[in-house]
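Morning, everyone. Please have a look at the next slide, and then we'll walk through it together.

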Amino acid sequence: MDKNKHTFSQLLTQIRACQLCRKNLPHEPRPIVQASTQSQILIIGQAPGRKVHESGMPWDDASGDRLREWLGVSKTAFYNPESFAIMPMGFCFPGSHNKTTGGSGDLPPMKICAPTWHDKLLAQMPEIKLTLIIGQYAMKHHLESNKANLTQTVKNYKDFLPQKFVLPHPSPRNNIWMAKNPWFESEVLPALKKKISIALQYQ
């Protein structure tokens, strides 16, 4: 086996066996990651939801269905690690809000994942042509100079090209946001599909 591939395989094994947040999670840790040394497109989202935690497949839910629609790719292409690397801000499902914590939806990603693992993964994925920054947590971490809110950031997506493309989270919870911002579907998504097509041509 190629030495770099062996090293990368070891890194993925370490991530999938990570127990750093064990005491802070309401369940057994199950880190979710997809990557290859040949990956062309990197997806940095929030954290796995409950359904993804149960299946072990990244973006295996309604949000993933919408994301693939946005990208204009099939499940087969999406789950090919040489096409798409998937490196969330938090690798494990963080649990959901309840009556004690207040609010609804899932809790924020565990803060230790990104500083522990992201740079190590990025260092071994030299073929990345495009990075998708999805949602406010990824934006705050990977767009260091960005001070704008999510809507302004997405509307100004061209400022981050050609290396990065910023997107709102594709969760059905954002249906209201999409209805209020029709420019996203009419202007941003066609540009996104074009960028994805170009990036995948490098394979």
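Which residues form one aromatic cluster? They are W70, W177, W183 and F184.

A quick note on the source. This is a predicted model: local features need pLDDT of at least 70, side-chain atom pairs count only at pLDDT 80 or more, and totals for chains, interfaces and linings use all residues. Residues are numbered from 1 along each chain as its sequence is written, and side-chain values use heavy atoms, with hydrogens and water left out.

Now the rings. There are seven aromatic pairs in the structure. Rings of Phe, Tyr and Trp (its six-membered ring) pair if their centres lie within 6.5 Å; planes under 30 degrees apart are stacked, over 60 edge-to-face, the rest tilted. Take W70 and F184. Their ring centres are 5.0 Å apart and their planes sit at 70°, so this pair is edge-to-face. W70 lies in helix α3 (residues 62–71) and F184 in helix α9 (residues 183–200), so the pair links parts of the chain 114 residues apart. Helices here are DSSP runs of H or I, at least four residues; strands are runs of E, at least two; both are numbered from the N terminus.

Buried or exposed? W70 is buried, at 3% relative accessible area. F184 is buried too, at 0%. Buried means under 20%, exposed over 50%, partly exposed in between, with a 1.4 Å probe and protein chains only.

Next, W177 and W183. Their centres are 5.8 Å apart with planes at 75°, so they are edge-to-face. Both are buried.
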